[in-house]
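Biologist: I would like to learn how to read a model like this. Could you take me through some features?

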Amino acid sequence: MPGTTDATGRAAKAGDIRARMLDAAEELLSTSPDNDISTRAVCDAVGVTQPILYRLFGDKNGLLTALVENGFERYISRKQSLATTDDPVADLRAGWDDHTDFALTNRALYRLMFSPVLREVPEPANRIFELLKKTLDRCAAAGALRIPSDEAAQAILSANVGVALSILAQPGRFSDPQLSARVRDAVFASCLDETAAVRPAPGDPVALAALRLAAQLQQQPAAALRPEETALLLMWLGRLQ
């Protein structure tokens, strides 16, 4: 139908303009001395008028939010492409290092993604936390996690973001090339016991056993239990941790 074809063509054109504007915004942001951009500069770079930007993004904050969402989607895609090995702790270490590398290769975008300048955090940011928790659950199932995965994820992600932002904001002061690795190893030491598979980990043995069993059940539910029974068991195990 002609009307449908015209609408599809307009949507495709709008999508192309939107993508070009996001690319232009990121490029301008990366070269901006004050880590800021103007909507006029973005429009000029693409060759469109400002009303088009307002129609597609609402306002400057909408443009920046879309840019951040796009950045998180790229980050998540990159994380999902990382190899998953039989050693979840090694995978966790590789994930930390990849996070730092993403920050150093996308400096302006990373600052925008992880600095509190937007009114609300885009939804894809929550998926980063969940991806980290999945790896930590694998560590727990292997007996290598000292604390619940949610608490470990909070400690690790906040430290990873903190060291990356410090390097970006004050490269002269935070110039030690081993800084990220040192912070990583210190935080991991507080959350993980990489030798737990060969010797008992220190701490309450019941709590540690509950932590490990809960993680294993979340990885692979027991066939002998119904879903509601598994949920009840996980609740009890949570109280023991």
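Modeller: We will go through a helix, the cysteines, an aspartate and some aromatic rings. This is a predicted model, where local features need pLDDT of at least 70 and side-chain atom pairs count only at pLDDT 80 or more, while totals for chains, interfaces and linings use all residues. Residues are numbered from 1 along each chain as its sequence is written, and side-chain values use heavy atoms, with hydrogens and water left out.

Biologist: What span should the 21 residues of helix α8 have?

Modeller: Helices are DSSP runs of H or I with at least four residues, numbered from the N terminus. The expected span is 1.5 Å times one less than the number of residues. For α8 (residues 149-169) that gives 30 Å, and its end C-alpha atoms are 30 Å apart, so the two agree.

Biologist: Which residues of α8 are buried?

Modeller: Buried means under 20% relative accessible area, exposed over 50%, and partly exposed in between, with a 1.4 Å probe and protein chains only. In α8 the buried residues include Ala152, Ala153, Ile156, Leu157, Asn160 and Ala164. An α-helix has 3.6 residues a turn, so residues three or four places apart point the same way. Contact means heavy atoms within 4.5 Å; the cover over the buried residues of α8 includes α5 (88-105), α6 (107-114), α7 (124-141) and α9 (179-191).

Biologist: How many disulfides are there?

Modeller: A disulfide is a pair of cysteine sulfur atoms within 2.5 Å, and the whole structure has zero. Cysteine 43 is buried at 1% relative accessibility, and cysteine 191 is buried with a relative accessible area of 1%.

Biologist: Is aspartate 98 buried or exposed?

Modeller: Aspartate 98, in helix α5, counts as buried because its relative accessibility is 12%. Leaving out residues up to four places away in sequence, aspartate 98 touches Arg78, Lys79 and Leu82. Its side chain makes a polar contact with the side chain of arginine 78 at 2.9 Å. A polar contact is a pair of N or O atoms within 3.5 Å; within protein, one must be able to donate a hydrogen and the other to accept it, and residues adjacent in sequence count only if both atoms are side-chain atoms.

Biologist: How many aromatic pairs does the structure hold?

Modeller: Rings of Phe, Tyr and Trp (its six-membered ring) pair if their centres lie within 6.5 Å; planes under 30 degrees apart are stacked, over 60 edge-to-face, and the rest tilted. The structure holds four such pairs. Phenylalanine 72 and phenylalanine 114 have ring centres 5.5 Å apart and planes at 75 degrees, so they are edge-to-face. This pair links helix α4 (residues 60-80) with helix α6, 42 residues apart.

Conventions:
Helix = DSSP H or I, 4+ residues; strand = E, 2+ residues; numbered from the N terminus.
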